[in-house]
Amino acid sequence: MEQVIARYAGQIRSAAADKKPLRLRGGGTKDFYGQGLEGELLDTRAYTGIVAYEPTELVITARCGTPLAELEAVLRAEGQQLAFEPPHFGAGATVGGMVAAGLSGPRRQAAGAVRDFVLVVRMLDGRGDDLSFGGQVMKNVAGYDVSRPMAGSLGTLGLILEVSLKVPPLPFAEATLKLELPQDKALAMLNHWGGKPLPISACAWTGGELVLRLSGAPSAIEAARAAIGGEPIAAEQATAYWRGIREHTDPFFSTDKPLWRMSVPSVAPPLEFPGEQLIEWGGSLRWLACKADARSIREAAAQAGGHGTLFRAADKSAGVFTPLQPALAKIHRNLKQAFDPAGIFNPGRMYSDL
Amino acid sequence: MNESFRLLDPLRQTAAVKALRAILPSDAVLYQREDTKPYECDGLSAYRELPMVVALPQNEDEVSRVLRACRQLKLPVVARGAGTGLSGGALPHAKGVLLSLAKMNRILALDPVARIARVQPGVRNLAISDAAAPYGLYYAPDPSSQIACSIGGNVAENSGGVHCLKYGLTVHNVLRVRACTIEGELVEFGNEALDAPGLDLLALVMGSEGMLAVATEITVKLVPKPQTARVILAAFDDVEKAGNAAAAVIAAGIIPAGLEMMDQPATRAVEEYVHAGYDLDAAALLLCESDGTAEEVEDEIARMTAVLKDSGAYDFRISQNEAERLKFWSGRKAAFPAMGRISPDYYCMDGTIPRKRLGEVLRFIAAMEKKYGLRCPNVFHAGDGNLHPLILFDANDPEQLRRTEAFAGEVLEKSIAVGGTVTGEHGVGIEKINQMCLQFTPDELEMFRAVKRAFDTDELLNPDKNIPTLHRCAEFGRMHVEGGQLPHPELPRF
Ligand SMILES: Cc1cc2nc3c(=O)[nH]c(=O)nc-3n(C[C@H](O)[C@H](O)[C@H](O)COP(=O)(O)OP(=O)(O)OC[C@H]3O[C@@H](n4cnc5c(N)ncnc54)[C@H](O)[C@@H]3O)c2cc1C
């Protein structure tokens, strides 16, 4: 495996010398996400396998090319999980791609995002140097936390070689409920419940129907059911439903309109746009299938205190990600310069000048 | 960097005072020895330095103008919250400005429906939970210093507390940090949604020890108070058994609300101070807390008790009411001040190790007590492997201080050697800077410096802390090299 690293490092060094972009790619399941794909392919799947797993330490370390499905199966066998429930978006999803994309699924509202579980990142920077940041332990504040920001960096800072993740136990039990509620009432209830010690681990509202998942001790689930009401959904059906929400195979997502990912404060009022909406994360994540112009959508997101991402669309000319404030953009450029001085890693995947 | 500051003209002080007085009222610019003296150290009082000037801004705009002025005059700036830090992070710079955020102590907004609070950096950690209490909410990270420490300091250190095993560290509980760069520009990291566009710089700013930007406004998450909590106080006749018991609880799929341990010397010292009724014959005590609904807690306490019993606990007490729960916790929470009563000074370490190496590291510490002739009671966050050995010494005796530093250095290096880190929550500051040379490679340290320059080109914010220069590492290496051998060539790099 060390030979694979040497090969990657060689490829990076020569790309840097020639100032030729590299396109870092695992299974390619998230090719749709982000701005353009540019450069010579560097396939991360050659560097694969689980390096270390100690269930009692709650830590797993895997190479970038490890299939995400394999990692999850290994964890499940020990009663543990990736608590942020990452979407695969296809059979070939890899661990490296999952971290670089930084996308979290339904359980994010209760458990946290990918970045919250990243403990160590080993990476090759734009000089081909092999660097490790973070610590294999639950708490570490030595040096700057360079490992967490790799989550969601879309391969713009370096090639993620290995990652150590915190892996909590699976919940003892789960139950899914369904309630009929219009959007404004659903948002109000989600925020109300959010302030109560209830074990809500996921929610999805669309078309007047709110589906809630409860996770935890059986007794806590029972108590929550009594407090919330609603109609139970059978376990098998519930599992399939949440998979559909996570993987975007739910009918809501089979739209030919542009799909917007609106990240807003949970208390933001209903977004007034034509088209369909699906709400997750206690009101903080709103999927919008909508043809309105990008500008008005981004303005609405900003007004609500959040941002809008053009998640899936045929035409991305409006820009996928919300532009950064100038002072913040400057820090981004400086960091890019620090990690990737020749500007070879996935140029333009996030912003045109990164 | 440091050298050039040392060569600065002493008249710099006059120039600095003049520039700051143009921005701040005169009582907010301190430079007389008797006024600057209270700022000479933080909680790591073995290191002291008088700042050249102290500036006390009252709002974001003043912070921005002060920083701009400092940049113009090339003055190093050390931010300070409450000064409870334990690694010398807020240790002043003799040729620089100490920027106290203490006057910025207002809670700007608290939204019980959105469950967030927007606060100024000088707000005390506990003040946030107090303000949220009427709504059944609280701010989860609870460092033992929470009555005093500031949220700005918490952000800068990524502080934890006894409940962070279940509820996360500062990084998991802050949504947004508004900060001022050395150029005087305001930047927002994160926002009041669950994520923000671009790179996750909010995570990068957490724990950055005031070296990247000065936090001026922070939005924290508030979470619902659990309906009830109970704690098990378990006694063990052997420290290693207790350590293994902690690991066994986690292995059973339980994430306790708190999982803390004290060894016998620590228990004896705190008992004298708080009279919690601890078992003084136990080699180690484990505090294992469950929270949630009454039914949930009952189930979990039963599961925890079974695991602890199997792991060899010889005695259990389960808190029967809130008063008793707080009493069981009182000793652990007051461990540091209790040491202050039995010794003129204590030196608190912060290494974090894989739980399974606990026994080995404890034996190592016991050996060091003998080697250096100093006592070292242990308290620790057993659930996440974060050790706080407390070396007892007298700082007035330079010889004891020297032995203490050597003792601490060996323990930190041991933490690295077993695959851990030199600091879990207290930060590197000035204290652990040499050991950074062991934990990271020269390339990694260079990258840290490049990260700093991405925010602070002239390296004026809290210079010479946290990240050692390669020159410093070379010096440290020379001191360490014995017989041409590099220290710990076997050290794992992770
Ligand atoms: C008795 C005792 C118990 C403790 N228990 C714990 C514990 O359980 N868990 C734990 O994690 N820590 C603990 N600590 C350590 C300490 O309280 C924390 O590190 C705390 O977060 C420091 O906050 P402060 O406001 O005192 O910061 P200070 O000591 O003033 O500063 C700490 C660092 O933060 C920087 N800083 C401060 N404010 C800002 C700002 N606004 N912007 C940018 N940088 C800033 C400073 O430059 C410095 O580097 C304890 C300390 C004591 C004395």
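Domain 1 of chain A and domain 2 of chain A bury about 1400 Å² between them. Carbon and sulfur atoms account for 56% of that area. This comes from a predicted model.

**Chain A: two domains**

On the domain 1 side, 16 residues make contact, and they meet 18 residues of domain 2. Three residues stand out on the domain 1 side: A:Phe89, A:Pro106 and A:Gln109. They supply 41% of the area that domain 1 of chain A buries against domain 2, more than any other three residues.

**Chain A against chain B**

The size of an interface is often given as the accessible area lost when the parts come together. For chain A and chain B, that area is about 6300 Å². Carbon and sulfur atoms make up 63% of it. The contact involves 72 residues of chain A and 84 residues of chain B. Which residues of chain A lose the most area to chain B? They are A:Lys139, A:Val141 and A:Tyr144. Together they give 15% of what the chain A side buries.

**Chain B: five domains**

Chain B is assigned five domains. Domain 1 is 3-100, domain 2 is 107-224 and domain 3 is 228-336. Domain 4 (343-431) and domain 5 (434-479) follow. The C-alpha centres of domains 4 and 5 of chain B lie 23 Å apart. Here 11 residues of domain 4 are in contact with 8 residues of domain 5. The buried area between these two domains is about 780 Å², with 62% from carbon and sulfur atoms. On the domain 4 side, B:Ile416, B:Val428 and B:Ile430 supply 47% of the area buried against domain 5, more than any other three residues.

**The ligand**

Where does the ligand lie in chain B, and why? Domain 1 (3-100) and domain 2 (107-224) of chain B both give residues to the shell around the ligand, so the ligand lies between them. There are 33 residues around the ligand. B:Ala79, B:Gly81, B:Thr84, B:Ser145 and B:Ser150 come nearest. By class, the shell holds 16 polar, 13 nonpolar and 4 charged residues.

The table gives the distances.

| Residue (backbone N or O atom) | Distance to a ligand oxygen atom |
|---|---|
| B:Ala82 | 2.8 Å |
| B:Gly83 | 2.8 Å |
| B:Gly89 | 3.2 Å |

Is the ligand surface buried or exposed in the protein? Alone, the ligand exposes 980 Å², and the protein buries 95% of that. Three elements of chain B each give two or more residues to the shell: β3 (77-80), α6 (151-157) and β10 (214-221). Helix α6 of chain B gives the largest share, 5 residues.

Technical notes: Residues numbered from 1 in each chain as written. Chains lettered and ligands numbered in written order. Predicted model: local features only at pLDDT ≥ 70, side-chain atom pairs only at ≥ 80, totals over all residues. Heavy atoms only, no water. Near = heavy atom within 4 Å. Polar contact = N/O pair within 3.5 Å; in protein donor to acceptor, adjacent residues only side chain to side chain. Areas by Shrake-Rupley, 256 points an atom, 1.4 Å probe, with all protein chains shown as cover. Helix = DSSP H or I, 4+ residues; strand = E, 2+ residues; numbered from the N terminus. Nonpolar A, V, L, I, M, F, W, Y, C, P; charged D, E, K, R; others polar. Domains from an automatic or database assignment. Contact = heavy atoms within 4.5 Å. Buried area = accessible area lost by both parts, 1.4 Å probe.
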